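User: I'm new to this one. Could you walk me through how to read it?

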Amino acid sequence: MMNTTTDDSTRFRRTRIIAWSIALVLYGGAAAVFVLNENLHRRTLWLDREEVDERGAEVRERARKREAKVRLERERIRLPDEDAKELREREEEKRRERALDRVERIEEAYEEVKRMEKHNLDILEKQRLEEFKERERNDYNKRTHRLHRTAELLEEDLREEGIEEELREELEEVLARTEEAKRAAVSTGELIEDPEQRAKLADASMRAKQAVEAMVTKAESVETPREGKSKKRLEHLAERAETLSRLADELNAMPETADQMGEHLAETPDPVDDADVMKNAARKNQLSTDELYDTAVEMEKKMNQRYGNARAAELATLRKSTFKEAKERLANTGNADRPNLGEKLRESKVENVGDLNEHRQTLDRALAEMENMRARAQNRANQLNPNSGKSSDPKTAPGQDIATRSMERKQQLRHVSHQQKARSLDLTGLMSSRGSEGGSGNRGAERLPDNRLTEEMVVSRALPGRRFTDEAFRKGWLYIDTWYIIGPWDLIPDTPQHLPPEMEIDLDAVYTNGKTGHPRHARTKERMDLDGTLKWQFHQSDKLFVRPPRETGNAIYFAYTELYFDRERDILVAIGIDDRSKVWVNDQVIWNHTAQSWRLGTTLRKVTFRKGYNTVLIRMENGAPLMDFSLVLCPPEALPGEG
Amino acid sequence: MSLLKKTKVEAEVSLSPLIDAVFLLLIFFLVATMIKKEDKDIDIELPVSTSALKVKPDDDVVVIGIDRTEGLYLEGDPTSLTELMINLRELAGVDPGRRIRLDTDRATPFHRVVEVLDMLQFRGLSNVGIRTYDEHYH
């Protein structure tokens, strides 16, 4: 019995050892296979990235399709009429407050633009009236004096020729009337705005003319010596009397009041008729969302007219030109047409969920358009009157009027930049605020040494950047890599073209007067679809060469950027642009040049950048399709003999 | 005798009304002291990130939003590029270290995001974070 038990126990232990050994071998084998075969354990324990992406994409696609199907089914759900009406009204009501707020803000900006339009037109009219008074005063005095003097000389001639007595009566009448016209001209000169004085001058001139005519008639019956001086003198006198009388009549035909005269002289436009728009704006609280949208659109149109008038008046005052000329010179801002969403909102029928969603989208679009209108309106009001905005530094804020500030210096710079195109110039004397305060003196432009920078030198040293500070790692040799670029506009050869960015920088603006058609892209050779709509586009280049996004030939582009300087600095600017180009730094022309090809460093400008933000605007005209431009800032020490 | 033996009942204060009162007070103070937070969120679908860091909420954070149509928002209100530039310039002058949060839709074109980031960097506003989708928040 004992033996049997011992045997069983021994057998059991052996079996167990064998079983464990087999299990160990199998486990070890499996572990070894797994450890040694990376492919196996990766596939077993980890999903590889591609598989995850693939499966994820499948899952997402399935989910997207399911969602689309559910959406489509939901959109087909028909809404009961009452519910549809209520839902539609609720959606409109939800957005109405925001729409009302936008209209209120557009109206505020509109009032500011209207005020500035009147202000600018008044200034122009007053200026024209003062100029006219000054000019007419001198003109009439001169003309009446000459007329009277001619009559006196005629008297001498007649005396010399011995026929004085025969024309004595007429001559005395002529002398008396020309003297009278002379006196009327003196008093009219002081009181030219007075219609009575002008009528008096016209009468006196007319009487002088009649007296001269009577004398001419009488003189025809008098025998005068051959080649007599008096005959020629009499003709001369008749001409002058005729001219004086005509001018006096013209003066007499001028509008009666000084204001009307100013308007007449400045050729200012008829007032903008905004009665309907303002009537709607006055009852805006009662308007529905679609009516508010229409009101905003109409108000924007009127604002554009007034803004154009205000800018033209400003330009005409500065350039001493007529309003019409200034208006022609001012670029057509080519404002974007707003979509007719008001009508769409009114006509939309909400019958199912899909219609409701579409209606909601239209409402959102209308709100986005109104927001854009508000931003543009505010921007325009700020441009006309920088103090109306909240910008702490209106001088450097974008959206500033380029044509109006510090004209005298600008004209000097423009002249120098134009005259000295191909020379390296030091413009700091004309640009530095230290100069104007008496430090280095307003010394004008000076030639820079002829030692020019090589392209290799510039390219190898320049790094991208826009900030100049003492702490900055990059202290010099910066190429400007970040730009806002707009274009293309059509380039019309031999025709001066003034385009909106030259007059205002408004990065939110949309212009519709750009190039149209399907020209080929200069690099990709693909056909582009240009509909004339242009917007500023953000552009960053990782190379020194910057290329406009829609690059094509016979086109004009503009590039705008801002640079930051921690203190006022004089910096060398190297510009590389082929074809014709113009560069403004802080609205002052520093470069006006035509080059056959892109070359950098051959013509430099030493420019003063002020502390804080500085604006740079480039106008590029491109004949050939390919174009690059580069703007590099170099430390003054780069030039031999400097620093 | 046993019938005459009185059961001694000990008087005790019930805690239930006290607890009620405490809870009512708590709710009162919670409601009374809750300040309505300014809603700076815009209607966008935030991008998902598995490696985003959670940061403590900051009421002073300046929120810039970009929707899928490239529309810009500042503190939840629509704004224009020009206005945004002016506002950021003013902010950089006053408080360049201010925290800025960029809320963008997952479908917002990336060039628009780069444009705004560049605008911030150029103005010296470097404390910028990009908001991503957070399940707990939503």
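Predicted model: local features only at pLDDT ≥ 70, side-chain atom pairs only at ≥ 80, totals over all residues.

User: Using that, how many residues of chain B are in contact with chain A?

Analyst: On the chain B side there are 16, and they touch 19 residues of chain A. Two elements of chain B give two or more residues each to that side: α2 (81-94) and α3 (110-122). The largest share, eight residues, comes from α2(B). Sorted by class, the chain B side has six nonpolar, five polar and five charged residues.

User: And how do I read a pair of packed helices?

Analyst: Two packed helices are described by the angle between their axes and the distance between the axes. Take α6 (residues 195-220) and α7 (residues 229-252) of chain A: they pack at about 155 degrees, with axes 8 Å apart. Angles over 145 degrees count as roughly antiparallel, so α6(A) is roughly antiparallel to α7(A).

User: Which residues make the contact of α6(A) with α7(A)?

Analyst: Among them are L201(A), M206(A) and V212(A) from α6(A), and L237(A), A241(A) and L244(A) from α7(A). By class, this contact has 15 nonpolar, three polar and four charged residues.

User: What about α4(A) and α13(A): roughly parallel or roughly antiparallel?

Analyst: The axes of α4 (residues 81-161) and α13 (residues 353-384) of chain A come within 9 Å and cross at roughly 15 degrees. That makes α4(A) roughly parallel to α13(A). Their crossing is left-handed, and the contact residues divide into 15 nonpolar, two polar and 12 charged.

How values were computed. Residues numbered from 1 in each chain as written. Chains lettered and ligands numbered in written order. Contact = placed C-beta atoms within 7 Å. Helix = DSSP H or I, 4+ residues; strand = E, 2+ residues; numbered from the N terminus. Nonpolar A, V, L, I, M, F, W, Y, C, P; charged D, E, K, R; others polar. Axes fitted to C-alpha atoms, helices over the stretch in contact; angles between N-to-C directions. Parallel < 35°, antiparallel > 145°, perpendicular 65-115°, else oblique. Left-handed = near helix turned anticlockwise from the far one by under 90°.
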